[in-house]
Number of protein chains: 2
Amino acid sequence: MQFNPEALQKLIRIVGEQFVFTDDETRNHYGHDETEDYVFPPSVVVKPANAFEISEILKLANDYKIPTTPIGARTGLSGGALSIYKGIGLSMERLNKIIEIDENNLQITTEPAVITQVLREAVAEKGLFYPVDPSSQGSCWIGGNVAENSGGARAVKYGVTKDYVLNLEVVLPNGEIIWTGANTLKNSTGYNLTQLMVGSEGTLGIITKIVLKLLPQNSHSVLMLVPFYKASQACEAVSAIFRDGIVPSALEFMERDAIDWTLKYHDDISVKVKDEVQAHLLIEVDGNYPDILFSEAEKIMTVLEQFEIDEVLFADTEDEKNALWKMRRSVAEAVKSNSIYKEEDTVVPRYELPKLLEGIKSIGNKYGFKSVCYGHAGDGNLHVNIIKSDMSDDNWLTQVPLGIREIFELTVGLKGTLSGEHGIGFVQKNYMDIAFTKTHLELMESIKRVFDPNNILNPGKIFPDEL
Amino acid sequence: MQFNPEALQKLIRIVGEQFVFTDDETRNHYGHDETEDYVFPPSVVVKPANAFEISEILKLANDYKIPTTPIGARTGLSGGALSIYKGIGLSMERLNKIIEIDENNLQITTEPAVITQVLREAVAEKGLFYPVDPSSQGSCWIGGNVAENSGGARAVKYGVTKDYVLNLEVVLPNGEIIWTGANTLKNSTGYNLTQLMVGSEGTLGIITKIVLKLLPQNSHSVLMLVPFYKASQACEAVSAIFRDGIVPSALEFMERDAIDWTLKYHDDISVKVKDEVQAHLLIEVDGNYPDILFSEAEKIMTVLEQFEIDEVLFADTEDEKNALWKMRRSVAEAVKSNSIYKEEDTVVPRYELPKLLEGIKSIGNKYGFKSVCYGHAGDGNLHVNIIKSDMSDDNWLTQVPLGIREIFELTVGLKGTLSGEHGIGFVQKNYMDIAFTKTHLELMESIKRVFDPNNILNPGKIFPDEL
């Protein structure tokens, strides 16, 4: 173990011996997230209790030039929590308290290591609504959601994490602790460091407190599963629904394989799918007035009539709704259990979805890979799971990256970009030149240097290896 | 005229002689906005046609170290468009075209010098909705709205400018032209330079194209004017309405004087106000279903019953609605026509409004000034107009700034901040130490230096004179 013994002693002095780990088991445990099969263990795992301890750790990391990687729930899909250059793995797990639910101002103040679903349920108990629900909401943490600017199924109506973050307590890489903004709905006071911090993937500072805006809870929803005979038409239907003036609270796309594999993976969910069906849309509308929702559902049905669809399944009970959502949320796991894969998080203006899907398939044909596509179609956010299946290791390593590059070139050509909600992290960083000019990347890197001149915080992420 | 003659010749070569002005009349015209009675004329007014010309101008400004101030519609209230250090006044007026309304993706791409109301009407003709409506929407430009992160009456339900900006074409101070993001609803690809640019008040780059998200148009609204016998109860009612689960599309507060002065200023608007009334709330709900709106209005009435209110005025026709909105939108002008004044743009979490209003009045008593308060109460955004009236010039210059400082200290103490939607600009910059630590301000200044190492772009704004 090459970790500087003097620095280790100081770490122990900061957080206490019981919160510093150098054993292989712990290091390996904190060395991976949900990104493919990557494992990059830190040299030492440290579990601070609060912002002050984190401040001391970052000062130490600067003194000794130790790479330091913040580690959340490790549910990330872009490798943001991997300790690429070893060093300190800074687990946030002890900052796990909801500090205050402010019912007067419709706000919550929380520490980062609160499971998103726990936070959503805690505010729901007070009749309040935090709409952002990543598919991993049962295990991911709100801090990671802020770091990656996570989305989820409801983003199409309610927006993504960034749209709810009002204020952040952040430990800067130099150890200073600041609040980035104010607990207000509007703010035109200096540069928006709150929004600069959201989605910065733990490279600009460590988020220790989060103030989120909440909404009043909606009491009703209608959920329907629509089978399409042509996947391309499912994509076309997405923008047709919006053009008709309806804003669904969810509009999810799943290719045939996504559903088949998920139904195989979860044998407790039963949905009958005809052989001819190529894709599904899962469509939800929500609000306080059931009659209005039924009439919106009818309007959606009228829009859908112009496409070739099979019989629509309406989820009548809460159990049926939960089953359909469980199916949708389990697709990633199901695909993962089926084959080695790489996941891309492409996003385009929603009308371009049919072109994106067609392009992905034809690029796959060219490079010899199969893909399973699904995602938040209402946002134009398509998750592309590239399946290794029986592809040779050689082709997997050499051909697939070329194909991914072409997919991203297509995405950017359609006025989209590389990642809608997963972040760039470790696995997409060498595609950043497709989305940004050299000037633009250098500008981002200069901002990084302003915050973190010694590049101690989450190095090896976002920026391409060669700039 | 001390402007470098060589630089002047080069400016003429870039934009053409007919778009370069050095006469006093033009310089004075472009030397003020709506901020009190400040006049800071640039040495030369330049009217470029496009991003390429702006790029050349900024390169020139760097070569000769010439301060350069972007000038929009000059409706700003924080002095952002004032050429404090003379130099080039860069009028954006020729970049005045709507480039595309994309009905398939619910987006608009526009140049900055489009009047906000013109843009709103253009998209409304296609059945689409751009919700952000600053009170000056009939004269302000969308580019200025982005630069200041403007709000307006509908922000309480629909958010502020930042919530609609998807992507920006920006000329950086070094002359490079970049797009900050992508035309997508979600984006987790590198640092969010789009949001860093929004609200940066023309100090980080010149915005030359703007891509905004649009919504489907709402077809109905209910508008009511509620007179309160106690101003403090009007403030209390604001958060009570939200706590009851209603999200109005507007919730505006006006003190008695604000209405009286406005009715005097616009004798075509007639609203009867009893002597005992201290304040009004103007409350709107909107949506597609009139029945729902009426039932929401009834719910609001039930909430209001717990307060001492006079008879509620419902605007039945479009004309009546327009008259009430005209009244609300004219308050600032009316106050301005009545007395020399200073306007503050305080914002707090909305439940703190009663404390803010009470504090402002008691600070006024202490320092001997009267104030007229009104604003977007649903957002906790209170505009404080400090009235000179018969105060001595000496007290106006020495006592009022002390009072303003106390008001801001109160605001920040209530977890609010200095500006909700007007920006810091020239007039609030020396109060920034109240909202931010030295570290924090230095961080912002370092970001400014990354973009603009020679400090040519809109110098003398945002940052306090002494840091």
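**Note on the interface of chains A and B**

1. Chain B and chain A bury about 6400 Å² between them, and carbon and sulfur atoms give 62% of that area. Buried area here is the accessible area (1.4 Å probe) that two parts lose on being put together, summed over both. On the side of chain B, K186(B), S188(B) and Y191(B) lose the most area to chain A, together 15% of what that side buries.

2. This is a predicted model: local features need pLDDT of at least 70, side-chain atom pairs count only at pLDDT 80 or more, and totals for chains, interfaces and linings use all residues. Residues are numbered from 1 along each chain as its sequence is written, chains are lettered from A and ligands numbered from 1 in the order in which they are written, and side-chain values use heavy atoms, with hydrogens and water left out.

3. The contact (heavy atoms within 4.5 Å) takes 81 residues from chain A and 81 residues from chain B.

4. There are 4 salt bridges between the chains, a salt bridge being a side-chain nitrogen of Lys or Arg within 4 Å of a carboxyl oxygen of Asp or Glu. One pairs K186(A) with E421(B), with the closest N and O atoms 2.7 Å apart.

5. By class, the side of chain B that touches chain A has 32 nonpolar, 34 polar and 15 charged residues. Ala, Val, Leu, Ile, Met, Phe, Trp, Tyr, Cys and Pro count as nonpolar, Asp, Glu, Lys and Arg as charged, and the others, Gly among them, as polar.

6. Within chain A, F253(A) touches residues including A231(A), C235(A), L281(A), L357(A) and Y374(A), not counting residues up to four places away in sequence.
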